[in-house]
Amino acid sequence: MSADPIRVGVVGAGGMGACHARNIVDLSVADLAWVADPAEQAGRTLADELGTLWIANGIDALADCDAVVIACPEQAHAQFAQAAIELRLPTLCEKPLTSVLAEAAEIVHSEVAAGRRLIQVGFMREYDERHLQVAESLAPLGEVNHIRCVHRNTNDQARPVATIMVESIIHDIHTVRWLSRSEILEVSTAVVRRDRGPRFVSLTCLLSNGAVAGIEFDDCAAGYEVSVEVSAEDGNVTAADPHRAQVRTDGAVMAQVGSDWFTPFLDAYRVEMRVWLNSILAGEATGPSAWDGYAAQAVVEAAMASKSSGVAEPVVLIQQPEIYQPRQS
Ligand code: ISE
């Protein structure tokens, strides 16, 4: 790689594309080569704000950058990921890697054919201080026995279960795999439906190290909250409460939790970008891999099958290729 700053393109000028593009500019480690989005107004507005080029067709633009962030609608992730692998571009791909399991497997195969890891998937809990403290505290405590993830969203409008899985629960699936250093072997799903539609989803998972994990996802909570609690052989670790103001009023003490999912993770997105850019400079991919994206999607597939069958369903994985072993963090 030349001594010139690396040039990073960002595909997608929506919320996540804008977040990543701003972080690239703020961190001053790389240059923002362009922002690509077929929606001219969104693309131009972001490009003008950040002093870069707007390009309508991101696929054409891939030849003109050293690395790429994929933050377009998930239906196009696989096409961009495959084109980026073809060009050997280090890639940060937002989650889900793709919501089609066969496409995720093809991305893994392409990366294996390229001979090295190029894709990092945007499972950014790994860069969030509260989650990192849990991971570090767990290290000396022996084998993980149980993980409980609690994920609360504030959506008035009900979402289909498949959407809840790939937009939200996929983070918890990754948290379980990451913290346990295990694969999920089997999953059973329960959905609570009300007049508006699915409101609560619960997953019970059996892990390859013999542990059990529970994921509790509430889509109509009073505030946005993500937490995790782990029981291990020699101790228990619970994610600390985020620091927020306490309000005393009307005879009650209240802790504000807020309702948006973005603000609590602003720092995590920034750290994720810094670590990814540094990994490109170091020439070695780190962080959540295409395998992690594939395996999480396989759990989603089994969880959806369990929702239909009413019984626990196995998670069927291809053999893990060597380039993903051992799991780097
Ligand atoms: C959103 O897309 C995210 O990625 C958030 O982290 C998650 O908590 C939320 O449920 C999703 O909708």
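**A walk from the ligand outward**

An oxygen atom of the ligand is 2.5 Å from an N or O atom in the side chain of Tyr224. Start there, and keep in mind that this is a predicted model. The protein covers 91% of the 300 Å² of accessible area that the ligand has on its own. Ser168 also reaches the ligand: one of its polar side-chain atoms lies 2.6 Å from a ligand oxygen atom.

Now look at the whole shell. Lys95, Arg125, His151, Asn153, Arg159, Glu167, Ser168, His171, Tyr224 and Trp261 surround the ligand. Four of these shell residues are charged, four are polar and two are nonpolar. Which elements each supply at least two residues of the shell? They are strand 7, residues 144-154, and helix 7, residues 161-180. Helix 7 gives the most, with three residues.

Strand 7 pairs with strand 10 in the parallel sense, over seven bridges.

Is strand 10 enclosed or open? Strand 10 covers residues 212-218, and five of its seven residues are buried, so the rest of the structure largely encloses it. Buried here means under 20% relative accessible area.

Return to Lys95 for a detail of the backbone. A cis peptide bond joins Lys95 to Pro96, with omega about -10°. Pro96 sits in the loop between strand 5, residues 91-93, and helix 5, residues 101-114.

Two other loops deserve a look. Ser28 has a phi near 55°, a positive value in a residue other than glycine. Find Ser28 between helix 1, residues 15-27, and strand 2, residues 31-36. Its relative accessibility is 59%, so Ser28 counts as exposed. The cut-off for exposed is over 50%.

Arg88 has a positive phi too, near 60°, and is again a residue other than glycine. Arg88 lies in the loop between helix 4, residues 77-86, and strand 5. With a relative accessible area of 38%, Arg88 is partly exposed.

Definitions and conventions:
Residues are numbered from 1 along each chain as its sequence is written. This is a predicted model: local features need pLDDT of at least 70, side-chain atom pairs count only at pLDDT 80 or more; totals for chains, interfaces and linings use all residues. Side-chain values use heavy atoms; hydrogens and water are left out. A residue is near a molecule or strand if one of its heavy atoms lies within 4 Å of it. A polar contact is a pair of N or O atoms within 3.5 Å; within protein, one must be able to donate a hydrogen and the other to accept it, and residues adjacent in sequence count only if both atoms are side-chain atoms. Accessible areas come from the Shrake-Rupley method with a 1.4 Å probe; for residues, only the protein chains shown count as cover. Helices (H or I, at least four residues) and strands (E, at least two) are DSSP runs, numbered from the N terminus. Ala, Val, Leu, Ile, Met, Phe, Trp, Tyr, Cys and Pro count as nonpolar, Asp, Glu, Lys and Arg as charged, and the others, Gly among them, as polar. Buried means under 20% relative accessible area, exposed over 50%, partly exposed in between (1.4 Å probe, protein chains only). Two strands pair if DSSP finds at least two bridges between them.
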